[in-house]
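Hi,

Here is the structure I promised to pass on. Have a look at it first, then read my notes below.

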Amino acid sequence: MKTDKVVIELRDVRRDFIVGEETVHALRGVSFKIHEGEFVTIMGTSGSGKSTLLNQLGCLDTPTSGEYFLDGTPVRKMSKSQRAKLRNRKIGFVFQNYNLLPKTTAVENVELPLMYNTKYNARQRREAAIKALQAVGLGDRLEHKSNQMSGGQMQRVAIARALVNDPAVILADEATGNLDTRTSFEMLVLFQKLHAEGRTIIFVTHNPEIAQYSSRNIMLRDGKIREDTENPNILSAAEALDKLPVQQD
Amino acid sequence: MSILNLFKVALRAIAANKFRSFLSMLGIIIGVAAVIIMMAIGQGSKESVRQNIQQMGTNVLTIRPGAERRGGVRRDPSEMQTLKPADFEAIMKEKKFVTYVSPEVTASGQAIYGANNTTTSLYGESVEYFDIKQWPVVRGEEFTDEDIRKSAKVCVVGKTIVDELFPDGTDPVGKMIRFKSIPFRIVGVLKPKGYNNWGMDQDNVIVAPYTTVMKRLLAQTFYSNIVCSAITEEMSQDAIDELTQILRTSHKLKDDQENDFTIRSQQEMMETMTSTMDTITIILVVAAAFSLLVAGIGIMNIMLVSVTERTKEIGLRMSVGARGLDISNQFLIESIMISITGGIIGVIVGWLGTYVCTAFGLPTSIPLWSIVVSFLVCTLIGVGFGYFPAQKAANMDPIEAIRYE
């Protein structure tokens with residue numbers, strides 16, 4: 001699964017924020033590489049800098065110093081528009097609260113990133129969106145509107161949206177945070193399936209349990225990496241899901 | 001994002017907030033309708049004035065002696081004796097753009113019949129005068145070319161003269177009246193014209209052959225004016241140029257000499273009148289245009305609310321790759337759609353409103369360009385007042401926007 005190709009490389013990335021008179025050091029020199037095909041969890045308590053790191057990885061923000069290479073491209077000196085294009089082509093976001101467009105069908109939601117890519121025409125967009133929805137197991141709910149779906153289904157749509165542009169990396173921000181245990185495991189099964197298919201996934205969370213299902217875990221504290229460990233014994237989310245007691249409604 | 005998709009997105013956003021979109025459109029609807037109705041009323045009044053003047057003949061040209069403007073002292077043109085029978089003959093011989101010509105001499109004084117008298121104006125004219133002014137004789141008949149040749153003491157009179165001199169209702173045709181002690185036999189009565197736009201009684205007039213007035217009354221050999229008619233209103237300018245040329249030749253003026261006569265067209269007169277109407281129209285339209293401005297502010301307000309409300313959507317769109325330009329286009333197109341849709345409805349409402357005004361007796365006429373202008377203005381409002389909210393959206397920080405609650 002893991003290849004030699006480096007998808008993400010951070011070199012001594014620092015990010016300072018000026019709040020009033022004070023300078024807050026959110027990231028104090030973070031360096032790591034992520035290879036293609038890794039499933040990395042980034043963990044840390046609130047205030048550890050994990051959101052700042054996620055913004056860096058997602059090209060939503062640029063480092064104060066240091067350099068970030070996404071798929072070989074240096075990001076720090078890029079303009080806003082250049083970064084928007086980079087996000088569009090290389091990154092798939094999955095958010096905690098799904099962030100689907102209201103009153104919009106699953107297909108249309110998934111098509112959204114391709115709307116900003118002029119290489120796709122309407123037919124290609126729709127085909128790609130249907131393919132992505134089938135990959136997350138929603139092939140039968142293409143025309144359901146976002147308000148007609150459960151939380152798990154909405155998050156699947158969001159994952160399909162992150163897949164549709166065939167990104168270099170999928171960035172999940174607390175992607176299971178709003179879901180109940182069973183649905184959370186269903187999501188983890190899906191992420192593990194994508195991982196098995198060779199996708200690179202970065203999963204930012206404060207839930208230590210999730211690290212057991214990933215291939216590598218990076219622990220942040222006070223803006224620095226405290227631990228960076230490979231997981232030799234990846235648990236199967238599918239098995240865990242089977243062991244969960246069936247809900248009595 | 002392609003334009004087509006931008007329109008789809010905007011349409012969806014408007015449809016999602018139908019009532020709110022309608023309210024912001026309402027300002028535009030009222031503004032556009034008001035502008036169109038005001039313009040229609042202004043234009044309608046102008047046309048009714050124009051029609052009044054048209055009754056007097058829009059193709060009428062008047063040649064007066066003397067230059068219109070001259071530095072220093074200006075002589076009273078009536079003292080000038082530059083318009084001579086030779087000029088009249090030259091015009092008659094060479095005219096192409098001119099149909100009818102009538103030399104004109106005027107005198108004012110008292111007309112007497114029996115015990116009744118009235119102060120009036122006497123116009124010495126040729127037979128063609130009635131054609132120039134499109135002023136038919138309704139009782140009796142016009143005097144003839146024969147009368148002109150013979151300087152016959154005949155005249156036609158206006159309705160006011162009939163009323164003043166024949167209050168008991170006797171038929172004036174064939175009666176002898178005296179004007180400054182010269183007897184004139186009435187051969188016809190002119191069709192009543194009423195008062196003109198300046199409040200002058202156009203029927204208080206006696207028209208007699210110009211030869212008679214010149215020889216028997218004034219003993220002069222020059223004309224006060226020459227009145228002509230151009231073939232059509234549009235050819236007035238050609239006719240003026242032609243007459244100028246004929247008269248300059250006839251007066252033997254050198255190239256560097258100024259004209260010693262002035263040609264005025266009825267058209268100029270009309271322009272003076274309609275320019276007053278134009279001023280009133282402009283005032284009305286400006287007032288209505290202010291309501292459009294207010295409507296634009298309304299749209300800006302709604303768009304600002306809409307941008308704030310959709311912060312999260314903006315954040316999402318940005319994180320999946322929308323550039324600032326994509327976002328600002330999205331909101332701009334939305335505001336343009338609101339204002340143009342409002343504009344279209346406004347044009348329809350304005351149209352209906354104009355019909356209502358017509359039903360209440362106001363003269364109206366919708367100038368086509370007012371619709372075109374309303375459209376352009378609406379687009380401008382959409383862009384102008386949508387720009388600031390669109391920029392606000394485009395400049396959002398995706399990090400904050402996506403986490404906005």
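Predicted model: local features only at pLDDT ≥ 70, side-chain atom pairs only at ≥ 80, totals over all residues.

Start with Arg14(A): its bridge partner in β2(A) is Arg28(A). Strand β1 (residues 6-19) of chain A, antiparallel to β2(A), is joined to it by 11 bridges. Strands pair when DSSP finds at least two bridges between them.

Residues are numbered from 1 along each chain as its sequence is written, while chains are lettered from A and ligands numbered from 1 in the order in which they are written.

Back to the strands. They belong to an open sheet of four, with the order β2-β1-β4-β5 (chain A) and antiparallel pairing. Which strands stand at the edges? They are β2 (22-35) and β5 (73-74) of chain A, each with a single partner strand, so one side of each has no neighbour in the sheet. When you look at a sheet, remember that side chains in a regular strand alternate between its two faces.

There is also a hairpin, formed by β9(A) and β10(A) with two residues between them. Strand β9 (residues 216-221) of chain A and strand β10 (residues 224-230) of chain A are antiparallel and share six bridges. Arg221(A) sits opposite Lys224(A) in β10(A), and in the turn Asp222(A) has a positive phi of about 50°.

Now for a helix pair. Packed helices are described by the angle between their axes and the distance between the axes. For helix α5 (residues 151-163) and helix α6 (residues 181-196) of chain A, the axes come within 10 Å and cross at roughly 20°. That makes α5(A) roughly parallel to α6(A) (angles under 35 degrees count as roughly parallel, over 145 as roughly antiparallel, 65 to 115 as roughly perpendicular and the rest as oblique). Axes are lines fitted to C-alpha atoms, for helices over the stretch in contact, with angles from 0 to 180 degrees between N-to-C directions.

Which residues of α5(A) meet α6(A)? Gly151(A), Gly152(A), Gln155(A), Arg156(A) and Ile159(A) do, touching Thr183(A), Glu186(A), Met187(A) and Leu190(A). Contact is when two C-beta atoms, placed from the backbone, lie within 7 Å.

Chain A as a whole has seven helices and 10 strands. Of its 249 residues, 47% are buried (20 or more other C-beta atoms within 10 Å of a residue's own; 12 or fewer is exposed, in between is partly exposed, and C-beta atoms are placed from the backbone).

Where do the chains touch? The contact takes 19 residues from chain A and 17 residues from chain B. On the chain B side, α10(B) gives the largest share, five residues.

Finally, two spots in chain B. Ala219(B), in the loop between α7 (210-218) and β9 (225-230) of chain B, has a positive phi near 50° without being a glycine. Lys252(B), in the loop between α8 (236-250) and β10 (261-265) of chain B, is not a glycine either, and its phi is positive at about 55°. Are they buried or exposed? Ala219(B) is exposed, with 7 other C-beta atoms within 10 Å, and Lys252(B) counts as exposed with 7 C-beta neighbours inside 10 Å.

Cheers
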